[in-house]
Amino acid sequence: MQKYYIKTFGCQMNVHDSEKIAGMLKSLEYEETNKKEQADIIVFNTCCIRDGVEQKIFGNIGDLKRLKKQNPNLIIAICGCLSQQNGRAEVIKQKFPFVSIVLGTHNLNELKNYIVKFKQTHKRIFDVWEKEKAIDENVEMFRTSNYNAWVNIMYGCNNFCTYCIVPYVRGRERSRKMEDVYSEVESLVNNGYKYITLLGQNVNSYGNDINDGKTTFANLLKLLTTIKGDFRIKFMTSHPKDLNDDVINVIATEPKICNTIHLPVQSGSTKILKLMNRNYSREQYLNLIKKIKQAIPDVYLSTDIIVGFPNETEEDFLYTYTLIKEVNYGGVFAFMYSKRTGTVAEKMENQIDEKIKNERVNKILKLSKSLIKQQNKEMCGKTFEGIIEKELENNKYLAVLHSGKNVIVESENSLPILSFQNIKITNNEASQLFGVINN
Ligand code: 5AD
Ligand code: SF4
C-alpha cells in the first residue's frame, strides 16, 4: 500500500481540515505514515496567521527537495491558508519546482481529483479558487483525535479585525444547517466520541447568514444537548461583541455544555481595540466577563492577546496587563503583532519595535504562569468534572478536566475509562494536581 504523510500548521480548524485530507487519501487507498521519508505523498496543510509561521512553512517546503531527489515519484501537495493568500501559489510554483500540487482553502475537497489527475498526466497542478463555494456536506473524514471530535459549524469570517488575514483566506461566513450539524454530532456520539468541539472563527455569529430567526448559536447548542448519550460539548472561538445572554444562559444551565469559554480580548486598551476594529471597549469586555462569571461561577476563561499592535504605548500595554490580572484567565495565548499583507493595519504608522514586542509578550507569559499557579492552589478542596482517560498504576488514573488540566485520581474502586466523573482536588504538589472521586 502507498503511504501518506500530512503535516498541519496553525489552528484547530486546520487540524480538522487535515482529517478531511486524510479521509480523501484513505479513499485513494493510501495509508498513514508518520515518517515523511517513507511517504509516497506528502501534504502540507498550511497557515499564514503570522509571518513567523509563514517563513517556517517555506523553510519546511524547501527541505522536501531532498526527499524528492531520493524518490522522484514522490507527490508533494501544498494546501490551506498560505497557498490561498494572494500571490503565494505563484511563489511556490517558481521557488519550489519539485512541488506537484498547490490548492487553496476553497477547493480543499478537490485534492482527491487533483491527485488522480496528477498521477495520470504528471503535470503540475496550481489551482486556487478566489471565491468560496457552497458548503459540501459529503466529505470523507478520517478522525485522528482519540475521543475528541471536531465539528465545523461555520466557515469564514466577516469581522475584518485590522490585523487579521483570516477573512482574506477563508472567505465570508457560511453556516451549516442546524440539521446537518445535528446529524453529524449524533453519529459521533453514537460512535463513542466524548467531547464534541464546535468550530468556527466566530461561533456566536452562527446563523447570521441564514437569517431565518431559528438558526442561532444558542438554538444550536440547545438542540445538540437533546442528543442522547454521555458526551460534552465545547466550542471555539467566541467573539466578545457577539456573545449574548442566550448563549450564556444555555452554557449556565445545560450540564452537557462545558463551562469553558475561549474569549479573545486581543488588547485591554480601548484605543487599541478601536484601531483593531474589534467593536467593543475595555469596559464592555469587562462587563461581559462580570456577567459570565455571575451566571457561570466556575467558568474557565481563556483568551488571545496581541502585543505590539501599531501605536501601542506602555500605557496601552499596561491596560492589557491589568485586564488579564482582573479577569484572571486560566489560559492566555499571547502573540507578537505580525504585519500581514493586504490588511488595514499593514499600512498603519507607528509600528512597534520587535524588541519591545518581545519584552511585552514575555511579561504576559510570566503573569499568566503566576495566575495559573495561584488558580491551581485555589482548586484544592473544590470539585470539577473531568473524564477518566487511562489507568496509570495501582488505583491511580489519569483524568482530564474540561479545562484541559490533568489530574491524577486515586480510587479504590475501578473507574470506567472514558467515563465522566466529579473530581475533588486534594493536592497540587509541584504543579501536578491530585484528586479523588466525589460524585
Ligand atoms: N499578528 C499576531 N497575532 C495575530 N493573530 C491573528 N492575526 C495576528 C497577527 N497579524 C492572533 C489573534 C487571534 C489568534 C488566532 O491569532 O490573537 O485570536
Ligand atoms: Fe481574524 Fe477577527 Fe475574524 Fe478572528 S474575528 S478570524 S481575529 S478577523
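Student: How do the residues of the shell around ligand 1 divide into nonpolar, polar and charged?

Tutor: Six are nonpolar, two are polar and three are charged. Ala, Val, Leu, Ile, Met, Phe, Trp, Tyr, Cys and Pro count as nonpolar, Asp, Glu, Lys and Arg as charged, and the others, Gly among them, as polar. This is a predicted model, in which local features need pLDDT of at least 70 and side-chain atom pairs pLDDT 80 or more, while totals for chains, interfaces and linings use all residues. Residues are numbered from 1 along each chain as its sequence is written, chains are lettered from A and ligands numbered from 1 in the order in which they are written, and side-chain values use heavy atoms, without hydrogens and water.

Student: Which residues surround ligand 1?

Tutor: A residue is near a molecule if one of its heavy atoms lies within 4 Å of it. Among those around ligand 1 are Ile49, Asp304, Phe335 and Arg340. β13 (300-307) and β14 (331-336) each supply at least two residues of this shell; strands are DSSP runs (E, at least two residues) and helices likewise (H or I, at least four), numbered from the N terminus.

Student: What makes a pair of atoms a polar contact?

Tutor: The two must be N or O atoms within 3.5 Å; within protein, one must also be able to donate a hydrogen and the other to accept it, and residues adjacent in sequence count only if both atoms are side-chain atoms. A polar side-chain atom of arginine 50 lies 3.1 Å from an oxygen atom of ligand 1, so this pair falls within 3.5 Å.

Student: Why is the second largest pocket said to lie between domain 2 and domain 3?

Tutor: Domain 2 (148-378) and domain 3 (383-437) both give residues to its lining, so the pocket lies between them. Domain bounds come from an automatic or database domain assignment.

Student: What makes an open set of points a pocket?

Tutor: On a 1 Å grid over the protein atoms alone, a 1.4 Å probe fits at the points, and protein lies on both sides within 12 Å along at least five of seven lines; lining residues have an atom within 4 Å of a point. This pocket holds about 650 Å³ of space, a volume filled by probe spheres set on points joined across faces, edges and corners. Of its 27 lining residues, the closest to the centre include Asp298 and Phe384.
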